[in-house]
Amino acid sequence: MTLTRNKPLVLVLLLVFSIMSYLTIGGQSIGVCYGGNGDNLPSPSDVISLYKSNGIGSMRIYDPNPDTLQALRGSGIELILDVPNPHLESLAADASAAATWVQDNVVNYASDVSFRYIAVGNEVLPTSDSTAQYVNYVLPAMKNIQSAIRSAGLQDQIKVSTATYSPVVSNPYPPSHGSFDDGVSSFINPIINFLVENDSPLLANIYPYFSYTGDKQNIQLPYALFTAQGVQVQDENLQYQNLFDALLDALYAALEKAGGANLRIVVSESGWPSEGDTDATVDNAKTYYTNLINHVKEGSTPRRPGQAIETYLFAMFDENQKGGLETEKHFGLFSPTQESKYQISFS
C-alpha cells in the first residue's frame, strides 16, 4: 500500500522537525498531556494557543482526534500520539489496518505536525485487571505500526513505543533491586527487544503520588514532593533525595537485567492531583509540579547521571468526566476556563 505520494517533501520537513526536537530536548523542554475526558474543555485551537502562550513545546494526546491534529498544523509542538487500548486488537491482527491507521493519522499530517513518538497502548500489564485483556496485542500492533512507519520513510523521525508504568517493576526498593518478575517478563522482555532493535525509548508513567499514598508508613510526603532535606535512600554508591528518581531508576535497573541497559526512558506522564484526597491539595500539587519541572530541567537521576529526563506533565486540564477515584478528575494544570491553577513556568 502506498502511504504517501510526496515522500521527499515529507522527509525534508520532518528532518527540520527532528533538528528542532533535538534542540528543544537538549534544553529539557517540558511537555504536557492533553486529555479530553471533560464536557467543558476549550476547543483544540484554543488549547494549542494556550500551549504556545505558556511556552509548552510538547504534547501527548490519547487518541488521534482529527480536530486536534488539524489544530497542531504548523504549531511546532512535538507530539506523542497514542493508539488507544481498544484499538490494539485490530491493528495487531491486520497489517493493512495498521497501514491505514498510520496513513490517516500520521502521514496525512506529517508535513506540518511534529510527531515524535507513537505510544501503542497505555499501561497494559498482565497483572492489571483493567488492561490484561490487551497483553497479547501490544507487541504485534507495535510491529505493524513500525512497519507502516518504515514504509512511509518516517522511521528516523517517529519512534514507536508503548507506555508502561511503575507497577511493571518488582522489588523497587532500593532502586537497584528493580526487576521484572515472571508474571511480567514474558510480556515486557519481547517489547524491550523490539525497542532496542528500533532504537526507540520506553515510555513510562511515573507517579510518586500513587506510590506515596499506597505506602504512607514507609514513604514520607517530603520525599514524594522533592522537599526532603539530604539523602533519604542510600543504594550502594547511589544516593536518593526524591521518590521520582527512585521510581525511574528502579525501572532502569529492571531494564538492565532484561537486556535493555542502553534504553532511554521518556516519562510520558507525571502529576499530582489538587482535590479528592487528604494529600491531594493545591499546595502539594503546586509544590510537586514546580519541583519536578526544576528537577528535569536541571538534573538527572543517580543511575543515569548527565542524561536529560524528557518529561510530560499530567495533565493540561481537570477532566470532569474521567472515571475512577475522585482524584483522577483533578490533575489539571489549568481549569477548563484556561486559568492557571498554579502560576508556574514551563520554560
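A nonpolar core is a set of buried Ala, Val, Leu, Ile, Met, Phe, Trp, Tyr and Cys residues joined through side-chain atoms within 4.5 Å. The exercises below use this term on a predicted model.

**Exercise 1. The core**

Task: State how many residues the largest nonpolar core has, and which residues have the most contacts inside it.

Solution. 
Step 1. The largest nonpolar core has 114 residues.
Step 2. Within this core, Val106, Ile145, Phe180 and Phe244 have the most contacts.
Step 3. Helix H10 (residues 243–257) gives the largest share of the core, 10 residues.
Step 4. As background, nonpolar side chains in soluble globular proteins tend to be buried together.

**Exercise 2. Helices H5 and H6**

Task: Describe how H5 and H6 pack, and classify their angle.

Solution. 
Step 1. Two packed helices are described by the angle between their axes and the distance between the axes.
Step 2. For helix H5 (residues 95–107) and helix H6 (residues 135–151), the angle is about 55° and the axes are 8 Å apart.
Step 3. H5 is therefore oblique to H6.
Step 4. The crossing of H5 and H6 is right-handed.
Step 5. On the H5 side, the contact is made by Ala95, Ala98, Ala99, Trp101, Val102 and Val106; on the H6 side, by Asn144, Ile145, Ala148 and Ile149.
Step 6. Sorted by class, the contact of H5 with H6 has nine nonpolar residues, one polar residue and no charged residues.

**Exercise 3. The buried side of H5**

Task: List the buried residues of H5 and the elements they pack against.

Solution. 
Step 1. The buried residues in H5 are Ala98, Ala99, Trp101, Val102, Gln103, Asn105, Val106 and Val107.
Step 2. These buried residues pack against helix H3 (66–72), strand S3 (78–83), helix H4 (88–93), S4 and H6.

**Exercise 4. Helices H6 and H7**

Task: Classify the angle between H6 and H7, and sort the residues of their contact by class.

Solution. 
Step 1. The axes of H6 and helix H7 (residues 182–197) cross at roughly 10° and come within 9 Å.
Step 2. Because angles under 35 degrees count as roughly parallel, H6 is roughly parallel to H7.
Step 3. From H6, the contact includes Val135, Val138, Leu139, Met142, Lys143 and Gln146; from H7, it includes Phe187, Pro190, Ile191, Phe194 and Leu195.
Step 4. The residues of this contact divide into nine nonpolar, one polar and one charged.

**Exercise 5. Val168 and Phe180**

Task: Decide whether Val168 is buried or exposed, and find its contacts beyond four places in sequence.

Solution. 
Step 1. Val168 lies in the loop between strand S5 (159–165) and H7.
Step 2. Its relative accessible area is 1%. Buried means under 20%, so Val168 is buried.
Step 3. Leaving aside neighbours within four places in sequence, Val168 is in contact with Leu125, Ser179, Phe180, Val184, Ile188 and Leu251.
Step 4. Phe180, with residues up to four places away again not counted, touches Val168, Ile188 and Leu251, among others.

How values were computed. Residues are numbered from 1 along each chain as its sequence is written. This is a predicted model: local features need pLDDT of at least 70, side-chain atom pairs count only at pLDDT 80 or more; totals for chains, interfaces and linings use all residues. Side-chain values use heavy atoms; hydrogens and water are left out. Axes are lines fitted to C-alpha atoms, for helices over the stretch in contact, and angles run from 0 to 180 degrees between N-to-C directions. Helices (H or I, at least four residues) and strands (E, at least two) are DSSP runs, numbered from the N terminus. Angles under 35 degrees count as roughly parallel, over 145 as roughly antiparallel, 65 to 115 as roughly perpendicular and the rest as oblique. A crossing is left-handed if the near helix is turned anticlockwise from the far one by less than a right angle, and right-handed if clockwise. Contact means heavy atoms within 4.5 Å. Ala, Val, Leu, Ile, Met, Phe, Trp, Tyr, Cys and Pro count as nonpolar, Asp, Glu, Lys and Arg as charged, and the others, Gly among them, as polar. Buried means under 20% relative accessible area, exposed over 50%, partly exposed in between (1.4 Å probe, protein chains only).
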